[in-house]
Amino acid sequence: MSQLKSVQEKLRLVRVLRLLKKTYTYEELSKITGLPITVLNRYVRGKVLPSAERTKELLSLLLPYINVEEEVRKRIKFDEYGFFDNMPVLSDTALMSLIAEDVASRYMDKNVDRVLTAATDGIALGVHVARELNVDVVYAKKKKEVGVEKFYEVSYVPSASGSVTTLYLPQWALKKGENVLIVDDVIRSGETQRALLEMCRQAGAKPVGMFFLISVGDVIERLREEYSIPVESLIRLE
C-alpha cells in the first residue's frame, strides 16, 4: 500500500469513528474494538492516527455497524405537511464522505472526467463525490457570472411553479468528449436534471450516469428509460 493510500485509509477510519460516535458511546465502541476509551478518543479527535495494520483491523470491525442508507433516513426531518429537510445529511461531513465513497465505487469504471450538479443544494454532494473520483466538480447557476463571456444556457418550467427557470454554465466547464457524472441531493420531477443533460449535449460531453441522495416517486425509472444511462438514488421516498 502506498503512503498516500495508507493515510487515506486512516482518515477514513477517523470518519467512521466520528459517525459511529453519534450513535454509540465510547464505552460501547470500546467493547466493539477492544481498545481503551482514551485511545478511541484520540482517534476521534484526530490527535493520533493508528498504524496501517490497526486501521485495517478497526475498519473490518466497525464498517458492519454502519448502514449509510439508514443513517440518511434517520437524519431527514419531515414537517407536519410532509415536506422534508435534508440539511442534517448534507452538513454531516463524515456521513457525506462515506456516501461519496459508495458513489465513487459505483462509477469508477465509467472514467468520469467531470462531476456536474446544480447550485446550490447539489454542491455539497458534488464536491465530496468529485474528491473521491479525483476529478473537478462544476455546477450550473440561475444567474450569469460577471467576467464569464460564454455560457451553456437551458430554460425550463419547474412543475407547479408557473415561471421559467434558466440555468447557466460557463462553457469552459464542460468540454467535448468528456465523461460526465451528474449528481444532486434530491430529484423530484427531473426537470433540473434534464436541463443538466441538455448542457452536456450542447457541450458534446457524454453523461455516463446520474446519482441522487433522495428520489421522490418513480422519476428514477422514467429517466433510465428516457436516456438509457445508469440512474440511481441512495433512498427513495414515495
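Six residues of domain 1 touch nine residues of domain 2, where contact means heavy atoms within 4.5 Å. That is my starting point.

Some ground rules. This is a predicted model, so local features need pLDDT of at least 70, side-chain atom pairs count only at pLDDT 80 or more, and totals for chains, interfaces and linings use all residues. Numbering runs from 1 along each chain as its sequence is written, and side-chain values use heavy atoms, with hydrogens and water left out.

Now the domains. Domain 1 covers 3-65 and domain 2 covers 74-236. Those bounds come from an automatic or database domain assignment. Taken over C-alpha atoms, the two centres are 32 Å apart.

Next, the whole chain. The C-alpha trace spans about 60 × 45 × 35 Å along its principal axes. I count 10 helices and nine strands. These are DSSP runs, numbered from the N terminus: helices are H or I with at least four residues, strands are E with at least two. Of the 238 residues, 47% are buried. Buried means under 20% relative accessible area, exposed means over 50%, and partly exposed is in between, with a 1.4 Å probe and protein chains only.

Contacts, then. Take those with a separation of 6 or more: 62% of them join residues 24 or more positions apart.

Surface and charge. The chain exposes about 12700 Å², and carbon and sulfur atoms supply 49% of that. The areas come from the Shrake-Rupley method with a 1.4 Å probe; for residues, only the protein chains shown count as cover. There are 35 positive and 33 negative side chains. Lys and Arg count as positive, Asp and Glu as negative; His and the chain ends are not counted. The centres of the two sets lie 5 Å apart. Each charge is placed at NZ of Lys, CZ of Arg, CG of Asp or CD of Glu.

Let's zoom in on a helix. H9 takes in residues 191-203, 13 residues in total. From first C-alpha to last it reaches 19 Å, close to the 18 Å expected at 1.5 Å a residue. The expected span is 1.5 Å times one less than the number of residues. Which residues of H9 are buried? They are Gln193, Ala195, Leu196, Leu197, Met199, Cys200 and Ala203. An α-helix has 3.6 residues a turn, so residues three or four places apart point the same way. After H9 comes glycine 204, with a positive phi near 80°.

Another helix: H7, residues 93-107, which holds alanine 100. Alanine 100 has a relative accessible area of 0%, so it is buried. What does alanine 100 touch, not counting residues up to four places away in sequence? His128, Val129 and Glu132. Arginine 131 is 31 residues from alanine 100 in sequence, and the C-alpha to C-alpha distance is 8.3 Å.

Last, the backbone. Alanine 119 and threonine 120 are joined by a cis peptide bond, with omega about 5°. Threonine 120 sits in the loop between strand S3 (114-118) and helix H8 (123-133).

Two residues other than glycine have positive phi values to check. Asparagine 111 has phi near 55°. Its loop runs between H7 and S3. Asparagine 111 is exposed, at 56% relative accessible area. Serine 228 also has phi near 55°. Serine 228 is in the loop between helix H10 (219-227) and strand S9 (231-237). At 65% relative accessibility, serine 228 is exposed.

That's the tour.
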